[in-house]
Amino acid sequence: MSTNDATLTLDDVITAKERIASTCIHTALIHSYELSKEFNNHVYLKPENLQVTGAFKIRGALNKVKSLSDEEKKRGLIASSAGNHAQGVAYSGHALGIDVTIVMPKTTPLIKVQATKNWGANVVLAGDIYDEAYEEARRLEKVNGYTFIHPFDDLEVMAGQGTIALEILEDMPDTDVILVPIGGGGLISGIAVAAKAINPNIKIIGVESTGAMGMKGSIIAGHPVSLQQVDSIADGANVKTVGNLTYNLVEKYVDEIITVDDEDLIETIFLLVEKHKIVAEATGVLSIAALKKLNITGKKVVSVISGGNIDVLTMSSLLDRGLYSRGRLLCFSVKLKDTPGQLVKIAEILAEVGANVVKLDHNQFKALDRLRHVALEVTVETNGHEHINEVKKALASHGYDIDIIY
């Protein structure tokens, strides 16, 4: 298949599957009882975070690199990426003995930069977003004669990503819906072409961040558009301009595009860790965050977890925020009289409603009239938003007026 051809077929995806079979694992579907119950569908997870490089991108990158001519390989490879495509190309070059240079945004999480270097690639940091890294990679391509491996707007890359659909329908032929994250559109394009060829009635629904709605904006406009800016914790999907090839395929084969915000993603990361012990990055959970926005019930729905490359510090921060959003932590301040026994009274009220104290900050210097009052800041572990309301009512019934911090 020539990447100059504007078509992608099921046969191309089948060929890709044969090319990458020795490296890419068939990630088995995981049925989620918790998500099925919460969202009134039969929910299955496709854990591409378990791929050899921690994301689905290895599929497309490896298929593309293996399809290159000997002359193209000899020139060395270059790619631009926010992280996961970088590792896919770096791994492919390492496996096939090809020199690789990767241009990544300066904002790329350290874990993705180091993982790319670990596969032997030369990493260049340029720009603050993917599109700026892309421009630098194209410049280096011309200067040094490298072979450029596009992260999404390439038919061989899309064919590799489409192998995910083959696996899903092999494992569960009666799948009703596949939810797919969208950045530049390569993943959903490959999946949509393959899935629709096998079952024209299957629904393919894309999911974008509200801070990076490049594909949805393009579909609404009727042509590819460039966003003025992108702003989302889903760094792997922060693409200002979607591909021309991907736009055409999404416009033809994708049934709907749903958007979710950062708070949805934070809550979903927390939910995956707590309920399924699955670690995924923000981009990776786009398709799971979208489950609550589906207008269907009782259907077999597959959410593709696109990747799990997230550093520990970011994970820790997001889990903390997830605790707040799920109503698992409550932090409040209350002004108390500066007399003995006040702290004990607060502790007794919290104990009565089953709120476990995590942290106390008893500081008389925070009160404006510290000769008569002291400020108490309390963090408690709770069991959801209803429980938080019980805590508030209990304190109010005893005459305590609290200020919620988070």
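Reader: What does Val357 count as, going by its relative accessibility?
Author: First, a heads-up: this is a predicted model with residues numbered from 1 along each chain as its sequence is written, and side-chain values use heavy atoms, with hydrogens and water left out. Local features need pLDDT of at least 70 and side-chain atom pairs count only at 80 or more, while totals for chains, interfaces and linings use all residues. Val357 sits in strand E12, residues 356-363 (helices, H or I, have at least four residues and strands, E, at least two; both are DSSP runs numbered from the N terminus). Buried means under 20% relative accessible area and exposed over 50%, with a 1.4 Å probe and protein chains only, so Val357, at 35%, is partly exposed.

Reader: And His150, is that one buried or exposed?
Author: You'll find His150 in the loop between strand E6 (147-148) and helix H8 (155-171). Its relative accessible area comes to 10%, so His150 is buried.

Reader: Which residues is His150 in contact with, leaving aside neighbours within four places in sequence?
Author: Contact here is heavy atoms within 4.5 Å. With those neighbours set aside, the list for His150 is His85, Tyr130, Tyr134, Arg138 and Val157.

Reader: How far is the backbone nitrogen of Asp153 from a polar atom of the His150 side chain?
Author: Two backbone nitrogens can be checked against this side chain. For Phe152, the nitrogen lies 3.1 Å from a polar atom of the His150 side chain. For Asp153, that distance is 2.9 Å.

Reader: How many salt bridges does a search of the whole structure find?
Author: A salt bridge is a side-chain nitrogen of Lys or Arg within 4 Å of a carboxyl oxygen of Asp or Glu. Side chains of opposite charge can pair when their charged atoms come close. The search of the whole structure turns up 18.

Reader: What separates Arg139 and Glu136 in helix H7?
Author: Their side chains meet in a salt bridge, 2.8 Å from N to O. Because they are three residues apart in helix H7 (residues 130-144), the separation is about one helical turn.

Reader: How many residues apart are Glu263 and Arg321?
Author: Glu263 and Arg321 form a salt bridge, with their closest N and O atoms 3.1 Å apart. The pair links distant parts of the chain, since Glu263 belongs to helix H12 and Arg321 to helix H14 (residues 312-325), and the gap is 58 residues.

Reader: What about Arg328 and Glu274, how far apart in sequence are the parts they tie together?
Author: These side chains meet in a salt bridge of 2.4 Å, N to O. Arg328 lies in the loop between H14 and strand E11 (329-337) and Glu274 in helix H12, so the parts tied together are apart in sequence by 54 residues.

Terms used
A polar contact is a pair of N or O atoms within 3.5 Å; within protein, one must be able to donate a hydrogen and the other to accept it, and residues adjacent in sequence count only if both atoms are side-chain atoms.
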